[in-house]
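Keep the structure open as you read.

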Amino acid sequence: MKSRLINILASPYFVAIPVAVVLILLLPISNSLYKIELKEKLVANKKDSHVVFSDLNNDGIDEQILFFHNNVKNQAAVKVLSDNFVNYDVWNFNGIYQKASTNFFIEDLNNDKLLEIYVIYSRNDSVFMSVGQPYPDKEHLLTDKFITTIDNMNGEIDYTIDEPIVYDLNNDGWDELIFDLKAGFSLQPRILISYDRKNNQFNCSKSTGAFINLRAIADLNNDGHAEIYCGSSSTANIHDSLGYKYNDYSSWLMIFDKNMNLIKDPVENPGLNTSINLTLFKDNNKNDLIAILLKNATNNQIQIEYLSQNETPLLTKTIDFNDDNLSKQTTNILFIPVYIQDKNYILLMFDEENFTLIDAEGNIRKIKKSANITSFIKQEDFDCDRNNEFLFMNIDGKLIIFDENLQHPTLAPTNISPFELHKDNIGIKHNGDEPSEIYLGTSDYLYLFSYEIDYQYYLKYLYWLIIYTLTVLFFKGVIKVQNIQQIRKKRIEETINSLQYKTIKSQIDPHFMFNVLNGLAINVANSNTEEAYNQILMFSHLLRQQMTRIDKLNITLKEEIEFVESYLALEKFRFKDDFEYKINILNDVNLNFIIPRMLIQFLAENSIKHGLKHLTSKKQLTISISGINNVIITVEDNGIGRKEAAKYQTDSGQGLQLLNKLIRLHKKTCNKEITFEYIDLKDDEGNSMGTRVVVWVEGNKTKN
């Protein structure tokens, strides 16, 4: 199993994976399903204007509408360009636009599929509305309709209007335009307004001290009449001492009816730096809910609450930003309803790593952000697939769009600072049968970007496969070259080993033959004819054994033992009853164990030649073999000992030299160690009792 795992890890198919991944990351292959490209950069038709593209005449192609200050007449103005950027109409109004406010709405309140333009402007201390319908007849539907007066503060008025909500409050088939108007340093009024175009009248709430924000309209109690839900923030301009209800030293939840009257007393979120935000939300059962966010900056917490039918709190959840599992980037709270992977969520916030969402049950979900973003710009269907995408920018001026699941971020450098953009200057431009475009307007330029599926995204898998295949082929080529080199090296080594073996064999065989024939010659000289004959037969048998393994360098333990038994039987003829030998083999010894040829024979021969030959008493030789994985061979004699034998030695020790050569060659070919230990045996008085040789042969390989 281990060997198989190593083979897998070392295969070119596995080794190529990390290399291919690195190459894929380094190569400029798009990982985004979409692409953004700058199509046009146009000089602004009117400098410092707010730009909107909208299909005023319902032909599928958007016209360009510019809202700007006419410096010649010192008046607020609207300019309409046809779909081919030709001037179509210009209106001037007796007043000026309020800074930092939404001053225009483009809606179809009478549902005739032709859009009207609603313009809000101020003159002196009063706020007015004018309405025009550019198509088909450039009709002015309403001019200078008075809305309210604003308190004068140091000779100026100060108010803001947020995005409106269009809703048929009185069920007459015509939508009303509902929006908030709130004074800042001017203090008053702070009111909620609905405009009934059918009856051409405004309906205003009573002014309060709360800095209200229109957020949602829904008929939660199913009485046939929608309720209007407003939050607020604590701006600390109007104290209770000024005599206005619901001061802005706290934030408030306010619910109005269709006549702009409070349905019940507002709910207070006390303290400075607090706010209440709301959004219309649907749970998975498709029921309308009002999601409420209460923020308190002093204790670094927000509270999420859901109102269900009859305005019953469905769930309340407190989120503490001191919790390490949640974002501490409280300034990036979005609170946008989203539909992701078949489920409704509130997109609560984003931090450096994640988007944080919450569902109707209060469960937190995180989605890896995978792109650096600084500010949220707009949620809109930029690719016209009926799913809203999310548009962000970062501090470097890059445009980033995430798809409807907050995945596949698509980046495009714009060289535009987020501070140059106004939320009213960003949107989608529909071009009929042609692909839509994203528009971004600055003070001086109009940028048009395409946003569409990048079909190269699907080809990236083919690119990945090609890169991986080429990487595998590269490693296969490297391995093949290495194998060729190894084969050449192995052949050279085999040639060297063969030459070494032939050299050793040419030395072993004559040496062995000489020793055996020497013993045979002694019997012939002594006229032991019958014994010499038997000895010749034994020698013949020994030669046959020798011939069967003449080309072998390594043999099995069984083959070596059989050869040694024949050799010792031949030596028995020489020494007769004066010589005894025993071969002891333990039962657990693996007889197929591989050892060098003549390893035991050389040791036995050495014992007889040097230890036993000059012994006058009875000669004894014992060979013991034991071990399982590693074989232990013990050769013991009762000879005269190595020290005394040295006195009789007249040859050069050729046998031991040949044995050492065999062992070195065995290690090279089998990579197994063989070690020796020579032990001089002595009695209690220190006299020599013989010699014991212990051999350890490493390894557990068997002969195939």
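## Lys182 and Asp162

Lys182 pairs up with Asp162 in a salt bridge, with 2.6 Å between the closest N and O atoms. (For a salt bridge, a side-chain nitrogen of Lys or Arg has to sit within 4 Å of a carboxyl oxygen of Asp or Glu.) The two partners come from distant parts of the chain, 20 residues apart: Lys182 belongs to strand 12 (residues 176-183), while Asp162 is in the loop between strand 10 (159-161) and strand 11 (165-167). Helices (H or I, at least four residues) and strands (E, at least two) are DSSP runs, numbered from the N terminus.

Both Lys182 and Asp162 are buried. Here buried means under 20% relative accessible area, exposed means over 50%, and partly exposed is in between (1.4 Å probe, protein chains only). Asp180 joins in too: Asp162, Asp180 and Lys182 form a network of salt bridges.

## How the model is read

This is a predicted model, where local features need pLDDT of at least 70, side-chain atom pairs count only at pLDDT 80 or more, and totals for chains, interfaces and linings use all residues. Residues are numbered from 1 along each chain as its sequence is written, and side-chain values use heavy atoms, leaving out hydrogens and water.

## Two other bridges

The structure has 15 salt bridges. One of them joins the side chains of Lys343 and Asp359, at 3.0 Å from N to O. Lys343 sits in strand 24 (residues 343-350) and Asp359 in the loop between strand 25 (354-358) and strand 26 (364-368), so this bridge ties together parts 16 residues apart in sequence. Asp359 counts as buried because its relative accessibility is 2%.

Glu580 and Lys618 also meet through their side chains, with an N to O distance of 2.4 Å in the salt bridge. Again the pair links distant parts of the chain, 38 residues apart: Glu580 is in strand 35 (residues 579-585), and Lys618 is in the loop between helix 6 (599-612) and strand 37 (619-626). Glu580 is partly exposed, at 37% relative accessibility, and Lys618 is partly exposed at 37% as well.

## Around Asn94

Now for the loop between strand 5 (87-93) and strand 6 (104-107), where you'll find Asn94. Asn94 has a relative accessible area of 42%, so it is partly exposed.

Leaving aside residues up to four places away in sequence, Asn94 touches Gln75, Tyr121, Arg123 and Asp144; contact means heavy atoms within 4.5 Å. From Asn94 to Lys73 is 21 residues in sequence and 9.2 Å in space, C-alpha to C-alpha.
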